[in-house]
Amino acid sequence: MGTLLILIVFALFIWAIFTGGYNKNLLSLVKKSKVWEWLTTVDHKKIGIMYFISGIVFFVIGGIEALLLRLQLIVPQNDFIVGDTFNQVLTMHGTTMIFLAAMPLIFGLMNAVVPLQIGARDVAFPFLNSLGFWLFTAGGIILNLSWIFGGAPDAGWTSYVGLALNEYSPGPGVDYYVIGLQISGIGTLLSGINFLVTIINMRAPGMTFLRLPLFTWTTFATSALIIFAMPPLTVGLLLLMFDRLFGANFFDYTMGGSAVLWQHLFWIFGHPEVYIVILPAFGIMSEVISTFSKKRLFGYTSMVFATVLISFLGFMVWVHHMFTVGLGPVANSIFGIATMTIAIPTGIKVFNWLFTMWGGEIRFKTPMLFALGFIPTFVMGGMTGVMVASPPADFQYHDTYFVVAHFHYVLIGGTVFALFAGAYYWWPKMFGKLLNEKLGKVHFWTFFIGFHLTFFPQHFLGLYGMPRRVFTYQAEAGLETLNFISTIGAFFMAIGTIAFALNIVLTFKKGEKASGDPWNGRTLEWSISSPAPEYNFKQTPLVRGYDAWWLEKQAGNKEMQPAEPLGPIHMPSPTYIPLLMALGLFVAGLGFIARGDFSAAIIGIIVVFVAMFIRSFEQDHGYHIDPEEIDKEKGVKA
């Protein structure tokens, strides 16, 4: 009863702060602060920056966890991190990198770039955009609170049952995983819906689907994947929550459940998730290679259809993660062939990037270096992917370091390299300053060399029989040298990441100011000032072909041709409700994890429904920016 009263007081206090019932002067002071402006923003550009910052933070956390794992494996019979602690670090590293680092960095670039590329002033649902970010953040924080309260999840990032059931993971660790990912996943699903609707409905006049930049196309495909892939994971997590918290038996085979059912639900999400994070990387590569080769992207239409085909086939291959569970030769053969087939549209993309560079005026700026490093690295990951697509071969590779090497070549050599390329490429558009080129090259070479030193030897560790997820190995097994090299490579990657962080700090302090078009770009985002104004475009642009901004520059125009007369610009109002809803689900999640006493969970859910009620009856139609204000702002900047 005491807990319930405390929670009621807490909820009332939060309510008072947000609604002004507690202290009008305090509320006024808070509302005038920059912090409040960012907490309540619905501006897609600011939300993109917040996604990007949170992604970098989680990337650093996941990287530290990776270094701890490699330190344990640097020599045989080491006792630096052993047993359950090693399992916790391993689980959190994988979970953090996939769900909490790659995803927000991708959504950060999507938010910052896609509305600008299609000539829109915002996303279709600004409120939903803010809610998606805060739900993702709440879920990520819950997951990482497990380090402080009761131990982190220890069943692997795939959380296979029965390892994830109470019998083998009796603490609250897996509960943090289940609750945190559900809340974060709801935010991701909302963002996917938002971007799909935005690209369909918010395109500027003349921006047909076959004039969309490739990054926007890959965002479109990724959003569709999210909408279809997230529900199976959410269902699986919900069923696992019922097994752990309420004594259900969906996955406990001793009570009539099915452990293989969890694998199906997880991998129906899990393999499309690979394409959710790699398709935007393909889009980034297409933009960067085209710009720095000073050429139109070769085979644009084939690239679009390859993107759509990859998205479709991504749902047809999940069982290749389950070749060893006993589904039989027919199922294994079908999914093996489907997995090999997906290499065809991926190969189309690789050759088109190479043909784009052929005969181009290539500039070796940092984004282009990461793009050039991406191509051979990703191709190596794809080749080993075709190898593990063969069921008989997979029986040998399965659960060895060969698989670890394969998916790191795809996810780091693919996604992370592309995200770094995108960060350097669009940084001036996001922040108005150019990142330092010298530090950028230090970042690239140390990270690139460190990556291959880390993961290339792991192919051979796997072929020599070293299983994944083990915290030690025998001295006489012939694995010492390769593990030592792998650990040294991980520290090279860390040095590269530190160089990137130093670059960011120095750029904010004394970085070179960027013009609106510092790279001589081809797409619409480079037609406006850097950073982009609040309203994005003074007048909605008229698009007259693919590479719309490049066409205008070739015609001698210094601005895009407008598709509408100059007039007032409607803007959405900032709102605290998404943050309040995320706080409610955050409290509810912790309440479920506490077990036994669900008062906090009830209070949190009530807060969510109250916030939804407020939103339903809110009479806020936004505000307008008049043309005179735009001209005045331009005069101040000049």
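These legends describe close-up views of a predicted model.

Local features are given only where pLDDT is at least 70, and side-chain atom pairs count only at pLDDT 80 or more, while totals for chains, interfaces and linings use all residues. Residues are numbered from 1 along each chain as its sequence is written, and side-chain values use heavy atoms, leaving out hydrogens and water.

**View 1. Helices α4 and α5 cross at roughly 155°.**
Helix α4 covers residues 44-72 and helix α5 covers residues 83-117. Helices (H or I, at least four residues) and strands (E, at least two) are DSSP runs, numbered from the N terminus. The axes of α4 and α5 come within 7 Å. Axes are lines fitted to C-alpha atoms, for helices over the stretch in contact, and angles run from 0 to 180 degrees between N-to-C directions. The pair is therefore roughly antiparallel. Angles over 145 degrees count as roughly antiparallel, under 35 as roughly parallel, 65 to 115 as roughly perpendicular, and the rest as oblique. The crossing of α4 and α5 is left-handed. A left-handed crossing has the near helix turned anticlockwise from the far one by less than a right angle; clockwise makes it right-handed. By class, the contact of α4 with α5 has 23 nonpolar, 11 polar and 2 charged residues. Ala, Val, Leu, Ile, Met, Phe, Trp, Tyr, Cys and Pro count as nonpolar, Asp, Glu, Lys and Arg as charged, and the others, Gly among them, as polar.

**View 2. Helix α5 has a kink centred on Thr96.**
The kink is about 40°. The bend at a residue is the angle between axes fitted to the seven residues ending there and the seven starting there. At 1.5 Å a residue, the 35 residues of α5 should span 51 Å. The expected span is 1.5 Å times one less than the number of residues. The end C-alpha atoms of α5 are 49 Å apart, which agrees. Helix α5 is mostly covered, with 29 of its 35 residues buried. Buried means under 20% relative accessible area, exposed over 50%, and partly exposed in between (1.4 Å probe, protein chains only). Just after α5, Gly119 takes a positive phi of about 75°.

**View 3. Helix α9 is kinked and mostly covered.**
Helix α9 covers residues 259-293. Its kink of about 30° is centred on Trp267. The 35 residues of α9 should span 51 Å at 1.5 Å a residue, and its end C-alpha atoms are 50 Å apart, which agrees. In α9, 29 of 35 residues are buried. Lys294 is found in the loop between α9 and α10 (300-313). Phi of Lys294 is near 55°, a positive value in a residue other than glycine. Lys294 counts as partly exposed, at 39% relative accessibility.

**View 4. Helix α9 passes helix α12 in a left-handed crossing.**
Helix α12 covers residues 343-357. The axes of α9 and α12 come within 9 Å and cross at roughly 15°. The two helices are therefore roughly parallel.

**View 5. Gly422 is buried in helix α15.**
Helix α15 covers residues 401-431. Gly422 has 0% relative accessibility. Gly422 and Met285 are 137 residues apart along the chain, yet their C-alpha atoms are separated by 8.1 Å.

**View 6. Phe370 and Gly604 are buried helix residues.**
Phe370 lies in helix α13 (residues 366-388). Its relative accessible area is 0%. Phe370 and His443 are 73 residues apart in sequence and 9.8 Å apart, C-alpha to C-alpha. Gly604 is found in helix α20 (residues 599-616). Gly604 has a relative accessible area of 1%. Gly604 and Gly589 are 15 residues apart in sequence and 7.9 Å apart, C-alpha to C-alpha.

**View 7. A cis peptide bond runs from Val161 to Gly162.**
Omega is near 5°. Gly162 is found in the loop between α6 (126-145) and α7 (173-201).

**View 8. The loop between β2 and α18 holds Asn520 and Pro531.**
Strand β2 covers 512-513 and helix α18 covers 548-554. Phi of Asn520 is near 60°, a positive value in a residue other than glycine. Asn520 counts as partly exposed, at 30% relative accessibility. Ser530 and Pro531 are joined by a cis peptide bond, with omega about -10°.
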